[in-house]
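This report describes selected residues and their surroundings. Please consult the sequence and the three-dimensional view shown here before reading on.

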Amino acid sequence: MAAVCQVTGAVPGFGHNISHSHRRTKRRFDPNVQKKTYYVPSLRRNVTLNVSAKGIKVIDARGIDAVVRDIQARGVKL
């Protein structure tokens, strides 16, 4: 599963691990992406989304109907 949030668009960040001797190796900071299923009344069906923890909070604040409408306006098929 790609580490991309369908609601907020959060993608992985990149940086370095720094050891005690200060050697640097590449690393990746993944967002906290989870697969969640929501019932969308306007579509009359369940929709499964890959959402980050912040995306879940956005859905709680704005409502699933408004969020799904925005996702569909971007051209993402649900």
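## I71 and its contacts

In this predicted model, I71 touches Q6, V7, L49, V76 and L78 when residues up to four places away in sequence are not counted. I71 lies in helix α2. Its relative accessibility is 0%; because buried means under 20% relative accessible area, I71 counts as buried.

The C-alpha atoms of I71 and T8 are 9.7 Å apart in space, although the two residues are 63 residues apart in sequence.

## V68 in helix α2

Helix α2, which spans residues 64–73, also holds V68. V68 has a relative accessible area of 2% and is therefore buried. Leaving aside neighbours within four places in sequence, V68 is in contact with V40, L43 and L78. For V68 and V40, which are 28 residues apart along the chain, the C-alpha separation is 8.1 Å.

## The largest nonpolar core

The largest nonpolar core comprises 13 residues, and those with the most contacts inside it are V7, Y38, L49, V51, I59 and I64. Two or more residues each come from β3 (33–40), β4 (45–52), α1 (53–62) and α2. Helix α2 gives the most to this core, with 4 residues.

Notes. Residues are numbered from 1 along each chain as its sequence is written. This is a predicted model: local features need pLDDT of at least 70, side-chain atom pairs count only at pLDDT 80 or more; totals for chains, interfaces and linings use all residues. Side-chain values use heavy atoms; hydrogens and water are left out. Buried means under 20% relative accessible area, exposed over 50%, partly exposed in between (1.4 Å probe, protein chains only). Contact means heavy atoms within 4.5 Å. A nonpolar core is a set of buried Ala, Val, Leu, Ile, Met, Phe, Trp, Tyr and Cys residues joined through side-chain atoms within 4.5 Å.
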